[in-house]
Amino acid sequence: SLDTLCPQAYGAGQYKYVGIHTQRCSLFSLVMFVPAALFWYFSGYFLSFIIDDRKVIKLTQQFLRILILAGPPYILFENGKRFLQAQGIFDAGTYILFITAPMNIFLNWLLVYSETFGLGYVGAPIASVINFWAMLIFMILYIVLVDGSECWDGFTLDAFNHWYDLSKLAFPGIVMLLAESMAYEVLTLFASKFGTSALATQSALSSVVSLLYMIPFAIAVASSTRIANFVGAANIQGGRIAINVGFISSVLIALINSAVIFFGARHIALLFTDDEEVITMFVNLCPLISVFVIFDSLACVASGILRALAMQMIGGTISLVGYYIIAVPLALYLSFHSNLQLLGLWLGNGAGLLTIGITEIWIIYNVEWKEVIEHAKSLALHGDS
């Protein structure tokens with residue numbers, strides 16, 4: 001929701017609303033985290049229905065109970081990133097991660113393996129908790145000491161208002177983000193039915209696709225922020241140009257990703273395994289995956305643009321239809337009934353992704369800009385009571 005609200009408010013010159021929206025979303029997210037935290041705390045009970053090993057259940061529950069303490073700083077850090085990105089400050093999060101990523105490695109060694117301070121398994125979640133709090137502290141220090149405080153007008157009780165309006169953007173946005181990742185998990189689950197080699201191949205391919213996805217995702221974030229700025233400023237021409245730049249960039253990046261997979265298939269496979277059967281399966285599927293990442297890139301940026309236009313409901317509906325009416329059923333049919341196995345899984349997923357991308361692009365280029373601008377103005381009214 002902040003991908004829509006904060007940049008639109010900033011583009012409209014309503015700087016204090018950027019801070020109000022961030023506070024409101026932070027409180028909303030913290031409240032939504034409570035049931036998740038309760039689920040984590042009592043996870044042993046739920047895991048007992050699907051896992052037989054009592055030791056695994058105990059260790060998992062122990063890990064999650066400690067990790068509950070990392071929830072609040074992680075939520076506030078992510079909202080803080082949106083607060084800064086709305087102002088065109090994209091490098092703060094990167095600087096912070098350059099500091100905390102090595103620190104996290106050191107903390108894991110210190111709290112897990114060190115002879116003096118090592119705690120064994122339980123040291124890992126403790127290290128994560130410390131790391132997430134450090135990320136939040138560095139974020140606050142950056143805003144106070146470096147840049148971003150322009151949009152902070154202090155704490156306000158208005159952060160407790162208009163949660164229903166926020167949820168109308170938030171929940172469809174959740175659907176947009178989760179639909180794809182859950183579809184991948186479903187396909188990986190079914191890949192296990194074809195044996196350990198197929199599962200290993202699927203895991204490696206998913207890892208590569210997920211890693212390369214980060215590049216178009218970054219373009220989607222930048223495009224979403226810039227377009228939402230133009231929407232808030234009622235600059236239709238600027239918004240249209242930013243959309244074109246976003247899609248052109250996504251195509252160029254997609255072609256590079258595609259070439260990396262197509263021409264570097266065997267070298268990439270060797271990074272994961274020396275099992276010749278897995279390597280062969282990986283290489284044979286890479287021509288298809290090289291096409292898949294092009295669809296993935298376009299759909300990713302299109303989803304970001306829809307968030308900028310406050311069209312999460314439409315995007316969420318398209319994602320649900322694309323993945324769970326087309327992609328998953330088709331993938332299961334091709335892999336099991338047509339006996340295409342992994343090839344069928346990726347063909348089905350690709351078909352759904354192509355449908356999503358084409359549909360979202362068509363909607364974006366046929367959007368009624370005056371309605372988008374008017375909707376942005378109505379959202380702005382919810383910045384204050």
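1. In this predicted model, helix α2 gives the largest share of the nonpolar patch, with 4 residues. The patch covers about 990 Å² of surface and is made by V34, L38, F39, Y41, F42, Y45, F46, F49 and I50. Two elements, α2 (15-41) and α3 (43-47), each give two or more residues to the nonpolar patch.

2. L38 is one of the patch residues and lies in helix α2. Is L38 buried, exposed or partly exposed? L38 counts as partly exposed because its relative accessibility is 48%, and that class runs between 20% and 50%.

3. The largest pocket holds about 1,700 Å³ of space. It is lined by 50 residues, and Y74, R82, I174, L177 and L178 are the closest to its centre. Elements that give two or more residues to this lining are α1 (2-11), α2, α5 (71-85), α8 (163-191), α9 (196-232), α12 (276-308), α13 (312-337) and α14 (342-365).

4. Which helix gives the largest share of the lining of the largest pocket? That helix is α8, with 13 residues. By class, the lining of the largest pocket has 30 nonpolar, 12 polar and 8 charged residues.

5. The second largest pocket holds about 510 Å³ of space. Its lining has 21 residues, of which Q23, S26, L76, W152 and F155 are the closest to the centre. Two or more residues of this lining come from each of α2, α5 and α7 (123-145).

6. The lining of the second largest pocket divides into 14 nonpolar and 7 polar residues, with no charged residues. The lining of the largest pocket, by contrast, includes 8 charged residues.

Key. Residues numbered from 1 in each chain as written. Predicted model: local features only at pLDDT ≥ 70, side-chain atom pairs only at ≥ 80, totals over all residues. Heavy atoms only, no water. Patch = residues over 30% accessible without salt bridge, like charges linked within 9 Å, V, L, I, M, F, W, Y side chains within 5 Å. Areas by Shrake-Rupley, 256 points an atom, 1.4 Å probe, with all protein chains shown as cover. Salt bridge = Lys/Arg side-chain N within 4 Å of Asp/Glu carboxyl O. Buried < 20%, exposed > 50% of the residue type's maximum accessible area, 1.4 Å probe, protein only. 1 Å grid on protein atoms, 1.4 Å probe; cavity = no way out; pocket = protein on both sides within 12 Å on 5 of 7 lines; lining within 4 Å. Points joined across faces, edges and corners; volume = space filled by probe spheres on them. Nonpolar A, V, L, I, M, F, W, Y, C, P; charged D, E, K, R; others polar.
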